[in-house]
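Good morning, and thank you for coming.

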Amino acid sequence: MTPLLSVRDLSIGFGGGDPVVRDVNFDVAHGQTLALVGESGSGKTITCRAVLRILPRAAQVRSGEITLNGPGGSLALSSLSERQMRDVRGDRISMIFQEPMRSLSPLHRIGNQVSEVLWLHRGASEKEAREQVLATFARVGFPDPERAYRSYPFELSGGMRQRAMIAMAMVAKPELLIADEPTTALDVTTQAQVLGLIKELQRETGMALILVTHDLGVVANMAEHVVVMHKGRVMEAGPAAPVLGAPAHPYTKQLFNAAPSIPAEVAPEPPLPEEDLILELNGVSKTYTMRAKSAWKPDLLIHACRGVDLKLPRGKTLAIVGESGSGKTTAARIALGAEPPDPGGEVLFRPRPGAEPMQVHKMTRAERTAFQREAQMVFQDPYSSLSPRMRVQDAMTEPLEIHGIGTRAEQRARAEEMLRRVGLNPDMLKRYPHAFSGGQRQRLSIARAMMLDPSLIVCDEPTSALDVSVQEQILTLLEEIRDSMNLSYLFISHDLAVVARIADEVAVMRQGLVVEQAPPNTLFHNPQHPYTRALIAAQPVPDIDRPIDLGLVAQGAGSPETWGEPFRFGDSVIPSLVELEPGHKVRCHV
Amino acid sequence: MALLRYSIYRFGTMILTLLVVSVLVFVIINLPPGDYLSNQIAELQASGQSAGVEKAEFLRREYALDRPLWQQYLIWMGFIPGPQGFSGLIQGDLGWSFEFDRPVAEIVGDTLWLTVVVNLAAVVFVYIVALPLGVLAAARSRTWVDYTSAFIGYLGLATPNFLLALILYYYGRQYLNIPIGGLMDPIYEGQPLTWEKLKSVGIHLIVPTIVIGTAGASAMMQRLRANMLDELGKPYVETAVAKGMSPSRMLTKYPLRVAFNPFVADIGNLLPSMVSGSVLVSVVMGLQTIGPTLLTALKTQDLFLSGFVLMFVALLTLIGTMISDILLVLLDPRIRYEGRET
Amino acid sequence: MTDLPDGRYVDDAPYDPQASIQQLERRDLDAPNWVLVWRKFKTHKLGLVSGLFLLVCYLMLPFAGFIAPYGPNERNGDHLYAPPQAVHWFHEGEFIGPFVYPTVAEADLETFQWKFVADESDPRPLEFFCEGTTYKLAGLIESDTHLFCPPDGATLFLWGSDRLGRDVFSRILYGAQLSLTVGLIGISVSFFLGILLGSMAGYFGGRIDWVINRVIEILRSLPELPLWLALSAAVPSNWSPVAVFFIISVILGILDWPGLARAVRAKFLSLREEEYVRAAEMMGAPSGRVIRKHLLPNFMSHLIASATLSIPAMILGETALSFLGLGLRAPAVSWGVMLNDAQNLASIEIYPWTAIPMLPIVVVVLAFNFLGDGLRDSLDPYQQ
Amino acid sequence: KDLPALQEGSFWKTEVEAGDLPPIAERIPSDPVVVDLEAKGREFGREGGTLRTMVTRSKDIRQMVVYGYARLVGYDQDYNLVPDLLADFENEANRKFTLRLREGHKWSDGAPFTSADFAYWWNDVANNELLSPAGPPDFLLVDGEAPQVSFPDETTVIFEWSKPNANFVQTLAQARPPFIYRPAHFLKQFHVAFADEPALKAAVDDARVKSWAALHNKLDNMYKFDNPDLPTLQPWMNATAGKKIRHDFVRNPYFHRIDARGVQLPYIDTIEMEIVAPGLVAAKANAGETDLQGRGLDFRDVSILKKGEAAGNYKTYLWETGVASQIAIYPNLNYEDDAWRELLRDVRVRRALSLAVDRNTINQALYFKLAKPGSMAVLPASEFYNEENTAAWADYDIEQANALLDAAGLDQRDKNGIRLLPDGRPMELIVETAGERQEVENALQIVTDNWRDVGVKLVMRPLDRDILRNRVFAGTTMAAVWFGWDNGIPQVYTSPAYLAPTDQVFFAWPKWGQFHQTAGDAGEAPDLPAAQRLMTLAHDWEIAETDEARAAAWREMLAIHADQVYGIGILSGAPQPIVVSNRLRNVPEKGLWAWDPGAHFGVHRMDEFFFAE
Ligand SMILES: Nc1ncnc2c1ncn2[C@@H]1O[C@H](COP(=O)(O)OP(=O)(O)OP(=O)(O)O)[C@@H](O)[C@H]1O
Ligand SMILES: Nc1ncnc2c1ncn2[C@@H]1O[C@H](COP(=O)(O)OP(=O)(O)OP(=O)(O)O)[C@@H](O)[C@H]1O
Ligand SMILES: [Mg+2]
Ligand SMILES: [Mg+2]
């Protein structure tokens, strides 16, 4: 049987440099899933883009052939005319981009952008398309598809945008779906749901899938075939079972060894000490208004955060996990003063142990400057947080320049040093942000946050785009710095394994509320809340024999009205957070 | 709802600004020493024709020109009743033109709609020409399409308007039988609107439209091209490509929409700049638009006439700016006008 | 390369876990910023050529008098409306260097045109480094040496002569001195104000935006016509034309900023919501820095295009204003003044060379355009 | 008197046949003007056709009153005064004028034109407080005295003064004549003394004017020619109401002239007058879109007009202009700056400036050597033409000019060679122009060069026409450029007042003119002997009893002007292109293009022009 897509000897380079992708070969058959894993910056994205011929302008395909075989014969994608290519894109092959935040037009409503695929390739009317899109939205886990349909990208959380992107790629039911890290921004329950959906679609339509991911658990759950890449080359390729079960290549082995996991056997931990809090969120709520459909209808109110109380002791790590769109980013941004909370909430920051707390949202100019030196943020979307017209070097040294630290040479040296520490080459300082891979950008973002030696860093999913080995490196770095400099982290993540490793306390959020809060071990040992349980159950494990228990996931991830009596909440009745045991709080009626 | 509230608020500011502008306009037209009637009286006296003097004196009293300036302003605007039942601008009484010896409303009546027609044609021309060419020049940057359109655009810009008009008229007449001057064949003047008349107006509009429009068109084209080029590298364009959109559809839907923002901001400027910008063109080409009227009125200090025309242009500008502000919000959902907390 | 029995492919090249892919990166990226921009700019051939051309133009300005064979207002009463004259090299098949044939003008009372008859038997070689009318080098050093002059008894109207028998070529050279300088002052003023106020309004929003916007609205809703009329009556008569023109261009600039300001404001209103602006602010960047480093570069293309577009408008601004007696006027020479003289049918149809000044305007503007384009491209991160 | 057999034209034939219009014999006066075209060297024409012409401002439709040139008394081609609307007139020592109307003469609406129309004007318009608050027009007042006007019978009107009013008849013949008669039958409906009250009130309200007087004034403007309902005596009557781009004028069925073959004039049925932007007249003429055009054309257009002749099916004639100077520079003797004023009042300075102008070069550059260089003086067509006056101070003589300036105390020069005023300022003479005529700027360009040779720096300043006038009247202009005297061909009966400081529009002495015009309210009294002498002479002319005395006054005044160089004339008789359709006949190939006397096409009798088959 001829494979649906076959890639032969593909080499791609930028400008005059050596190729960044060399001699890559793989095939994807109908209905099959091929997982592309590998080091961050190893050329996975470039390879995928080459299939659709949407490489960056500076890139050239140096050699290789890409063939798409279909019922109508085979097409050599590499030599197709632009016009023929247009019919392939979006219709036969579609792609989920790695950075959904930037990949959506900022000025068009999500619904419009997604439906467009149907208008283009299925000749659907506006109404038909709308129905289909809404259905797909519901399937990718939008709690309120109607709202999503009318939203602009900036009104959605990172995970929601990613889901929109997924919906856009799948709605036309292509023959081949290229998914470039489709679930990085999704919490594990949603991830499970989305992966389930993809599988379902594969069963229904025989869609083939190229799945780029760094999450070996996802690979194990999804893939029939695995291709492991490193430095632009294929290290190992083959059926999932043997590759995962008994990796042959040293790199593969190294990679699998680095994969973190939720500790199986844990004992409850003592609660964190309550003294010397560096950051304190008291009753923080945030309500956004979304422009209504017409000028006459009242605007829609969105409660992103509802009465969030968080306390971060100095030198510790407080992790926030939770459903995508549950207000994690919002809480983090409020914590750093990027956005004001609704009246009533306050954020307190203590620069030094025992110092008078500063109200983050009522600071004088001088206080603010001092605060901004001490508190840094790693943004969830590294691409957007780097000015596209600023070389990385300037972006990196900017914090130092702002605060007038060091000479130019020193600043530069520090930038190089930081880059090296996050595993990037200082050569890259001269590049513009767009010339990096997703994972590289994420590391840039981390490096920049550390330039000032702050005392508090808010990390919004800092490692979501990193392969496990690099992630390991970064986590180690974070821990090192924390321990040596007494740094504190507010750490937002979806990956419970990462959280388990780095956090001193975990808060689980759902729909703007903290539903459970405890030290990680306590939490994993004795998860109380159905949603927490679902989260843990949904965490994929890099072992094909332990697939995700979708039933359990569905139960916890369902709407709050379906939860067991003690935990149930609606819009008006919200149970309060109760301390079940010391340091373990759960939102339930007691 | 927010939009509605904003629009209402914006309308309120517009009215406020209009008031300020009206004061300024009033000051400006009263700035040159003397007024039309005093000048007229002096001239009439000098030439021994005391016949007109009496009438001038009468008009002076009639339009309260003998009162203090602030009262004159209030009367002109219609905030306080004037003598002999002159009710002022806000009640639709535009006053009397001394120069033409007719009510202002009568004089500007025809010119207003012709102004609108000519300028509208120019605006439409600008958009019809500049939009596709700008997009094309960006999409095919550094090709002959790009270079040719730039060259023609700059050639248009570098030719003084009147010269351009002459050239177009002269050769247009020779080779295409395009009529010289005017806005319609005189036989259709005052006739009800028929297909023939429309055709005549259309043919007569060709040259003025091109002359008034070229500068705007080439400016818009070049700026649009630059803005488009910026957008073309953005990831969302790739997404659109990956959807399999045709280039034309993709370009107009996505990057154009983003690149359009500065032009929407400029909508307010479109009409007034064409009104004052086309004054000279209208004077030399003999178009019966409001520009030449304004020029005469200003030169002869015809208070009410120039005052009204200035207010009219100001009103157009303000409405334009208001529309552009509201459109900006509509066009770019990210825009909020709130201040930045510092 | 190994293919394992279970269908696996394993790369058998030596594997070094420490090696980093980044060593493959191009080293040439490691250079100061401007070098990188320059390097990129160099690849834009048209931009480069245009830049060089403009450089030459500006360098030539002080020496216009030296290059021009005639003075700007030097009249040749016997050669009115002389058509462009060819410079020949060969006379009757013989090479004798650059020369011209002397011409004599006859009035043709049938057509009312001057007829020029060249005496083809009498070649007169051009003179080089010869004496002619005096001029001032760079406005300072008096000199009367010209690069080339008409031979005795003949004329040298490379691009013809105008109604008063003045050499169009020489006048264009002299005109460049004004047209390429004074008009640019207005552009600078208007850009400075437009960017400053526009970015303040757009970035800060709120009350500042409100105030600046009202000022813009008011400024724009008052047509310039009354102002010009008032000015034309008020400018003191004994001011030199250049001084008047200077003031006018500054005023033009001062009046011109609102358009740009609004464009800047509109763009900044949306740009300020970008995440990287947020990021910079959260790092503590002061507003000025955010505007300069983050917002303006993202609007550079528009600014460059706008600047290029203002140039012809400024060069020609005087033609429009001379209608009200405010433009540049004789004896000052500029391209606008020359074109102003050419605004009639006869100049188009019978003496087309009097409209030649359009060409330098177009050429200069195109050069500015391509230069700006090159600049834009080399600042554009997406084009590598 | 024997009239030729009258022929009914085709234009009104249907109306005549329908009985709406009486036949021709009843329409024309019993003693019409019978034009003997052959005697004038013209052809007999045929009726019919439409003549297209252009004007540049909408108020210029009044040109049809000028071109039509039906006056009580008018000039003929040789500038002799002949009765026209009048059958005849008698002048008794300039004190008593008896005007005789034509029997059976009718207004264009068929109402008889009688002495009642004069009476209405005199009694109910000129002497009505509301219609003419200032009383009768100035030309009827002799030293403030109004005439005795009597109307002995239907066809006789008598104006009588105790002192001579030498200017009376000439004024009637002007291009812009005073209309001392009105269509009484028509206007009475709007006159409070005659009209029926409610109807008048309704009409006033209808017209949106404030009073009946305003309405009357608005409707009876015979010169503006903007009321199609107002009966007229001109050859063509306005057939288009309102402000239009094109106005049609159709033949007056009651016009009082016929040709010797009995065909009623005018020959041409309709005139289409289109309002065109000034800059486009040449282009349209070149495209053959006009049949007869002088206005709006300039000498510099000749080449392009010649070029379009074949395609446009027209010819371009060159007429002479009738102004005394095509371009003249007026140093302002009333300039506000004391030092400068003294200087400009020094006749040596003015003479030097005049001597330093290279008139031949200007003539060559601007007029193909077709104009006549010379000072501001009357043209050869005038009986006062004197070669000496024209040549006075008009040679190009740098040496003499320098000598004169030195003698005037301007012997100091700065390093650029510019003379210094006694107070040390450089001699920068600022000349303001109306900025409308390119030829002025070109000429001044040459004058600038010329004057630099005598150490005078000319600074040219183009302004708007209205601004220029206001500045001159206010005394803030040092020198201005304008045409020379409008009337370059004065006759003995032409009032020489315009040579004396009686009017502010003569840019050399705006203040003196104001003084005279306002009877001393504004301005300054002339304080130079030569100017005072001019005033005396102008008065002498007015009270003169004989032509000899008048001619003497004229000659002396012209001599004073030639000697004093109040206006530095540069050249005269510049050619004026006249575009004439190839089909149009009887247009003289050579002619004088003059406003007054002449009324442009008026004296050439446009009603005799006709279209060949
Ligand atoms: N426009 C560009 N110019 C130069 N180099 C680029 C450009 N885009 C990507 N690269 C480089 O190409 C290499 C491969 O990038 P690619 O995006 O394919 O990595 P990736 O495997 O997807 O990594 P990640 O998992 O981090 O997303 C990287 O080293 C990156 O730095
Ligand atoms: N500017 C905005 N306007 C309107 N709604 C917004 C805006 N920003 C965020 N929201 C909404 O607030 C809610 C919380 O968003 P937030 O970004 O905090 O989620 P999150 O927990 O970070 O999710 P993710 O893990 O997917 O990034 C979402 O429903 C989002 O749609
Ligand atoms: Mg990638
Ligand atoms: Mg988030």
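Predicted model: local features only at pLDDT ≥ 70, side-chain atom pairs only at ≥ 80, totals over all residues.

Let me begin in chain C, where Cys130(C) and Cys149(C) are joined by a disulfide, with 1.8 Å from S to S; the term is used for a pair of cysteine sulfur atoms within 2.5 Å. In general, a disulfide is a covalent bond between the sulfur atoms of two cysteines.

Residues are numbered from 1 along each chain as its sequence is written, chains are lettered from A and ligands numbered from 1 in the order in which they are written, and side-chain values use heavy atoms, with hydrogens and water left out.

How many disulfides does the structure hold over all chains? The count is 1. The torsion about the S-S bond of Cys130(C) and Cys149(C) is about 105 degrees, so this disulfide is right-handed. Cys130(C) belongs to strand 8 (residues 127-137) of chain C and Cys149(C) to strand 9 (residues 141-149) of chain C, so the pair ties together parts that are 19 residues apart in sequence. Helices (H or I, at least four residues) and strands (E, at least two) are DSSP runs, numbered from the N terminus.

Are these two cysteines buried or exposed? Cys130(C) is buried, at a relative accessible area of 7%, and Cys149(C) is buried at 4%. Buried means under 20% relative accessible area, exposed over 50%, and partly exposed in between, with a 1.4 Å probe and protein chains only. By contrast, Cys305(A) is in no disulfide, and the nearest cysteine sulfur, that of Cys459(A), is 18 Å away. Cys305(A) is also buried, at 2%.

I turn now to ligand 1. It is surrounded by 18 residues, and the closest are Ser40(A), Gly41(A), Thr45(A), Ser437(A) and Gly439(A); a residue is counted if one of its heavy atoms lies within 4 Å. These residues come from chains A and C, so the site is shared between chains. Backbone N or O atoms of Gly43(A) and of Ile46(A) each lie 2.9 Å from an oxygen atom of ligand 1. Such a polar contact is a pair of N or O atoms within 3.5 Å; within protein, one must be able to donate a hydrogen and the other to accept it, and residues adjacent in sequence count only if both atoms are side-chain atoms. Helix 1 (44-52) and helix 16 (438-450) of chain A are the elements that give two or more residues to the shell around ligand 1.

Finally, I come to ligand 2, which has 22 residues around it, including Arg147(A) and Gly159(A). Oxygen atoms of ligand 2 lie 2.7 Å from a polar side-chain atom of Ser157(A) and 2.4 Å from one of Thr329(A). In the side chain of Gln380(A), an N or O atom is 2.7 Å from an oxygen atom of ligand 2.
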